[in-house]
Every structure is written in C-alpha cells, then in structure tokens.
Amino acid sequence: MMIAQGEKMPAQARRAAGGPALLSYGFRPFFLFGALYGGLIILAWLPIHDGTLGTASAFMPVDWHIHETLFGYLAAIVTGFLLTAIPNWTGRLPVQGAPLLGLVVLWVAGRVAVFFSAWTGWLAAAAIDSLFLAAVSAAAATEIVAGRNWRNLKVVIPVMVFLFANILFHVEAALSGTSDYSRRLATAAAIVLILIIGGRIIPSFTRNWLARENPGRLPVPFNGFDKFSIVLSVAALTPWTLAPESTMAGLLLIAAAGVNLARLVRWAGDRARRDILVLILHVAYLFVPAGLLLAGLAALDPAHFPAVAALHALGVGAIGVMTLAVMTRAALGHTGRELRADTATCLIYAAIVLAALSRIAAGFLPEQTSLLHISATLWTLAFLGYCARYGGMLLQPRLKPREPNRMPRPAA
C-alpha cells in the first residue's frame, strides 16, 4: 500500500496526534516547507547566477543551486513521502509530534548551515547538513524493521546512497571545486527511487481508476520485466555517474531508455487520460526514458546532445514533475478530500511540465537565455502555486467522512 491512498490507511496509523495538524504526519511539514523552499531557491537562482545576488556559501553559485535543489528540496519531499508511506506498509503509528519536529529542525539547520558555510567552514556545514538524511535513513529503517516489512527495506538503500552523495558533494566541492560525481550520483539515486516507487503507484492508481471508470485493458502487473528494467537502469546509471561520456554508459543508457518506455506503455496510461491525477504520473515517468535517452546520446555524441539537457530532463522533468504529482495527490487523499484535479492543480501541472521542456530546450540553445528565465519562472509558479492551493490542507486536520443522508423513519 502506498502514499496518496489515505482512504485505505490502517486504523492504527490514522489515530490523531496531539498538537498541531502540521506535525501529525510527515507529508504535512515536508511537502509544505519543501515546496516553499523549492520555489524560493529557484526564484533566487537567476539573480545569484547573474551576480546581482550573493550567498555566504562556500559552494560556487552553481553548486549551491544544485545542492539545495537535490539535498534541500528533494530530500524534504522524499522524507515526507517515506514518513507517510511507511505507516501504510507496516501498520505502525507514523512519526509525529516532537520526533517529527526534530526532523524538520534538522532539515532547516542544514539549509542554514549550507547557506552560511563560508563563515562556518565547509566541514562544519557538511556535518550539520548530513545529520538530516542520516536521521531519516535511521528512522525509515527502524520503522520498517519494527514492522517486519522486510520487502520494503530496499527503499532505504537509495536514501542511504543519497546521504552518501550529499557527504561526497561537500567533500568534492571543497577539495576539487566541482561536484560532478556527487550531483550525478544523487540524481541517479532519485531516479532509482522513481523506478521502484513509481513502478508501484502508477500502475496501481491507473488500475483502480480504470476498473471503476473505463473497464477493459489494465496495466500489466509487476513481473520479471519490471525487475529487469530496474536492474538495467541501475547498470546504466552506474557508469554514467563515474564516466558519463563513455561508450558503455551511452549504450546502456539508450537501452535503459527503451526498456523504461516499454514499461510505461504497459501501464495503460492512454486509457486513463481523463483523470488528470493519473495522467500526470504517466507524464512524469515519461521524462525518465527521455532523460536516459538524452544522457546516452550525450555520451556518444556530445557535440550535438548537451549533457546539461539530459541532466535537466531527469531533474526538472522526472524528479520535478513526479514529486509535484505525488505531493498533490497525497495532500488530497491524506487530508480526506476528493481525488480530483481542480483548475489550480491543472495549472500547477502545466507550469512544471513547461518548465521542464523549456529547461531542456535551453540546454540545446544556450544563447537563448530567455529560456532559462521562462523555466525558472514556471518552476517557481508551480511550487509556490502548490503552497497557495494546498498549504491550507496541510495545516488543517484531516476532514471527517461525511455521514450519509438518511430519510427519517415514519412514525409508528
């Protein structure tokens, strides 16, 4: 059982926590603050890039931008997802109240430490920043083991790789002045999470909608082909992380792109396009084979296929669109609201998809700097739009189910 199916949440896990609703479930603070931070850092990025705004970070401006997108924004969203999904998997109570607040404080401390790392020194900033993902990994593993939910323990592995990538990012930037390996490793870990978790929730939500609204061809159940696609993708992302311009990386990435496209086609998304909440999940996953293909072509023909386009197809496209797709659905389902995309939600989806497409185009047309501004503006609108539309839901208690209307019984 996965996130965004709040109506099926175990009764034990639904028990309300004392204190504010914001601290009753992990998705609430981390989706709200993560989305707010994700919008603001991109809003600030172009002035920082142009030199009109500065930071007190030890990172170079582009490294600060990459680090905070991956280990600031994305780390928050992954945490919100895991802390909400794990109680569904285990039937245990969620991390809430003071322990959840402690994780939020660690996340905020990491953002402050990174921004002021030129003053504190990179080593102190790295230590503070790494505490958050270390605590999240420990909390996730502890809950899964305590619930004896062994099959989901593998989800912790990409999170621990993400933690290692964060540590490596600090070390690499401090010692060599770049973050090439660590940024690719973190991106690869995030894509693997999408392959694993997206491979469950996309066909599951699609099947549920089709069975109810459009009977006929259904998504193919998880089988050996899905396992093969994940293994092949990991095999392709590994040499891409270490040697992105190698022929081996290029060929494996192109093969992985084809397999993931075939995997997506098997999920019957074309039959569920009337449900925008389902359709956007398929659109988000489509950026995975697109990004893998561009990365493979960049390895084989870098003169015509820029690596930056591939990186943003995976980052802004696969990661950005998928996280917003899950965040919107989770906010609706887990707060007791109807799973329906209203006009504001559709505009949020349109903004993030167009942000991804314009950022990919900017990789091919670097002289068209307006594309960067368009992409940054659309990204900011998407995430701040999420805060405006869903922030109230995340701050308020879960809605109580409505009692069915009953006709009064006639008098005897």
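# Close-up views of a predicted model

**View 1. Ala268 sits in a loop of this predicted model.** The loop that holds Ala268 runs between helix 10 (247-265) and helix 11. Ala268 is buried, with a relative accessible area of 0%. Its phi is near 60°, a positive value in a residue other than glycine. Most residues other than glycine have a negative phi.

**View 2. Arg148 and Asn149 lie in the loop between helix 6 and helix 7.** Arg148 is not a glycine, yet it has a positive phi of about 50°. Is Arg148 buried or exposed? Arg148 is exposed, with a relative accessible area of 63%. Asn149, in contrast, is buried, with a relative accessible area of 12%. Not counting residues up to four places away in sequence, Asn149 touches Trp89, Thr90 and Ile144. Helix 7, at one end of this loop, spans 156-176.

**View 3. The largest nonpolar core is made up of 122 residues.** Which members of this core touch the most other members? They are Phe30, Phe162, Ile191 and Tyr386. Leaving aside neighbours within four places in sequence, Tyr386 is in contact with Phe31, Ala35, Leu324, Met327, Thr328, Ala331, Ile348, Gly391 and Leu394. Another core, of 5 residues, lies apart from the largest one. Trp209, Leu210, Ala272 and Val278 are among the residues of this other core. In soluble globular proteins, nonpolar side chains tend to be buried together.

**View 4. The largest pocket holds about 920 Å³ of space.** The lining of this pocket consists of 37 residues. Those that lie nearest the centre of the pocket are Ile66, Val308, Leu311, His312 and Arg359. Two or more lining residues come from each of helix 2 (27-50), helix 3 (61-90), helix 8 (180-213), helix 11 (276-300), helix 12 (307-333) and helix 14 (370-395). Helix 12 gives the largest share of the lining, 8 residues. Sorted by class, the lining of the largest pocket has 25 nonpolar, 7 polar and 5 charged residues.

**View 5. The largest cavity has a volume of about 260 Å³.** The structure holds 2 cavities of 30 Å³ or more. In the largest cavity, 15 residues form the lining, and Val78, Phe81, Ile194, Met322 and Thr323 lie nearest its centre. At least two lining residues are supplied by each of helix 3, helix 8 and helix 12. The largest share, 6 residues, comes from helix 8. By class, the lining of the largest cavity has 13 nonpolar and 2 polar residues, with no charged residues.

**View 6. The second largest cavity contains about 50 Å³ of space.** Which residues line the second largest cavity? The lining is formed by Leu83, Ile86, Pro87, Leu93, Pro94, Val95, Ala139, Ala140 and Glu143. Helix 3 and helix 6 (122-146) are the elements that give two or more residues to this lining. Its classes are 8 nonpolar, no polar and 1 charged.

View 7. A disulfide is a covalent bond between the sulfur atoms of two cysteines. For a disulfide, the pair of sulfur atoms would have to be within 2.5 Å. Cys387 is likewise in no disulfide. Cys346 is partly exposed, with a relative accessible area of 30%, whereas Cys387 is buried, with a relative accessible area of 15%.

**View 8. Leu378 is found in helix 14.** Is Leu378 buried or exposed? Leu378 has a relative accessible area of 19%, and it counts as buried because the cut-off is under 20%. Thr120 lies 258 residues from Leu378 along the chain. The C-alpha atoms of Leu378 and Thr120 are separated by 34 Å.

Definitions and conventions: Residues are numbered from 1 along each chain as its sequence is written. This is a predicted model: local features need pLDDT of at least 70, side-chain atom pairs count only at pLDDT 80 or more; totals for chains, interfaces and linings use all residues. Side-chain values use heavy atoms; hydrogens and water are left out. A nonpolar core is a set of buried Ala, Val, Leu, Ile, Met, Phe, Trp, Tyr and Cys residues joined through side-chain atoms within 4.5 Å. Buried means under 20% relative accessible area, exposed over 50%, partly exposed in between (1.4 Å probe, protein chains only). Contact means heavy atoms within 4.5 Å. On a 1 Å grid over the protein atoms alone, a cavity is a set of points where a 1.4 Å probe fits but cannot get out, and a pocket is an open set with protein on both sides within 12 Å along at least five of seven lines; lining residues have an atom within 4 Å of a point. Grid points are joined across faces, edges and corners, and a volume is the space filled by probe spheres set on the points. Helices (H or I, at least four residues) and strands (E, at least two) are DSSP runs, numbered from the N terminus. Ala, Val, Leu, Ile, Met, Phe, Trp, Tyr, Cys and Pro count as nonpolar, Asp, Glu, Lys and Arg as charged, and the others, Gly among them, as polar.
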